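Hello,

Here is the structure I promised to pass on. Could you take a look at it before reading my notes?

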Amino acid sequence: SGAGAAVGGASVGVGAGSRACQPLSRPPRSARSRHQAPVPAPVARYLETAYAGGVPEVDTAAMEGSGRFRQRPLPWLPFANTIWLRPGADRVSDMVVRLGPITLMKVLDAYVDGRGITKFLHTADLGPRVDQGAMHPMLCESLMFPSCWSRTPGLAWEPVDGQTARLHIPFEAGSEVATVGFDTRTGFPTTFETMRFKGKDGPKVRWRITMHDWRHFGAVAIPERILVRWADEPGPWLMMRFERVTLGVDLDEPLTRARAAI
């Protein structure tokens, strides 16, 4: 099983922070704890760069931002988004698409209790392929909250080379694998790539999130901008900028709402 892949490299250590070769403000010491699991060298370098005194414990978080997306051949549409997270376990994304004061649609995209859903207008997509597809954004966002790695059952890192590592996680009867690329200059993750089902009836297509401009939002380091792309399309279909991150949020309402929808 890929989830049992060997994990090698250095333990999480101590280092200086940087954002595009500029210093990151350090999180307060009261927010820090040690994360001791051995990880491949580029993963250790990222943690050393982002967290001078150890990885902060994060149980829940809300990430707010805005951006634009498109479903070809339709034009780009602006949106606001709040992503509710139990890092490494559950994810609820609430997207609101507006043109001026008019709300065009609300989109619920969730992965809760191992099941996924994409719901917009009067359509709700469910099923095993949606479960697999919805799990990967949650897995990518677990990169931003490293304290969840040690408590996510079966999550394992596999070394590849000096700027790449593979992330394995058990899924259904097998495992899912994603390749994470790291910037050798800044130390931060730059890409998350995997084979993801494209919709409830679609085939698996290579799917990539590109992460830019990492900086600290309080105690945690987050990429300020992300671009999301399917390999069979000529360009990204979603661009988003994170504007606010809140830790320790109450997830009862979004999780209950997602469970009811599923």
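Below are my notes on a pocket, a helix and some strands.

First, the ground rules: this is a predicted model, in which local features need pLDDT of at least 70 and side-chain atom pairs count only at pLDDT 80 or more, while totals for chains, interfaces and linings use all residues. Residues are numbered from 1 along each chain as its sequence is written, and side-chain values use heavy atoms, with hydrogens and water left out.

**The pocket**

The largest pocket holds about 960 Å³ of space. A pocket here is an open set of points on a 1 Å grid over the protein atoms alone, where a 1.4 Å probe fits, with protein on both sides within 12 Å along at least five of seven lines; lining residues have an atom within 4 Å of a point. The volume is the space filled by probe spheres set on the points, which are joined across faces, edges and corners. There are 41 lining residues, and Q71, D109, T118, R196 and W237 are the closest to the centre of the pocket. By type, the lining has 24 nonpolar, six polar and 11 charged residues (Ala, Val, Leu, Ile, Met, Phe, Trp, Tyr, Cys and Pro are nonpolar; Asp, Glu, Lys and Arg are charged; the others, Gly among them, are polar).

**Helix 2**

With seven residues, helix 2 (residues 128-142) gives the most to that lining. Helices (H or I, at least four residues) and strands (E, at least two) are DSSP runs numbered from the N terminus.

**Strand 5 and its neighbours**

Strand 5 (residues 90-99) is also mostly covered, with eight of its 10 residues buried. Strand 5 runs antiparallel to strand 4 (residues 77-86), joined by eight bridges, and antiparallel to strand 6 (residues 102-112), joined by nine; pairing needs at least two DSSP bridges. D94 in strand 5 stands opposite T82, and V92 has A110 in strand 6 as its bridge partner.

Both pairs are hairpins. Strands 4 and 5 have three residues between them, with G88 at a positive phi near 80 degrees. Strands 5 and 6 have two, and G100 in that turn has a positive phi of about 65 degrees.

Where does S93 sit? S93 is in strand 5, and is buried at a relative accessible area of 5%. Its side chain makes a polar contact with the side chain of N81 at 3.1 Å (N or O atoms within 3.5 Å, one able to donate a hydrogen and the other to accept it; residues adjacent in sequence count only if both atoms are side-chain atoms).

Best wishes

Methods
Buried < 20%, exposed > 50% of the residue type's maximum accessible area, 1.4 Å probe, protein only.
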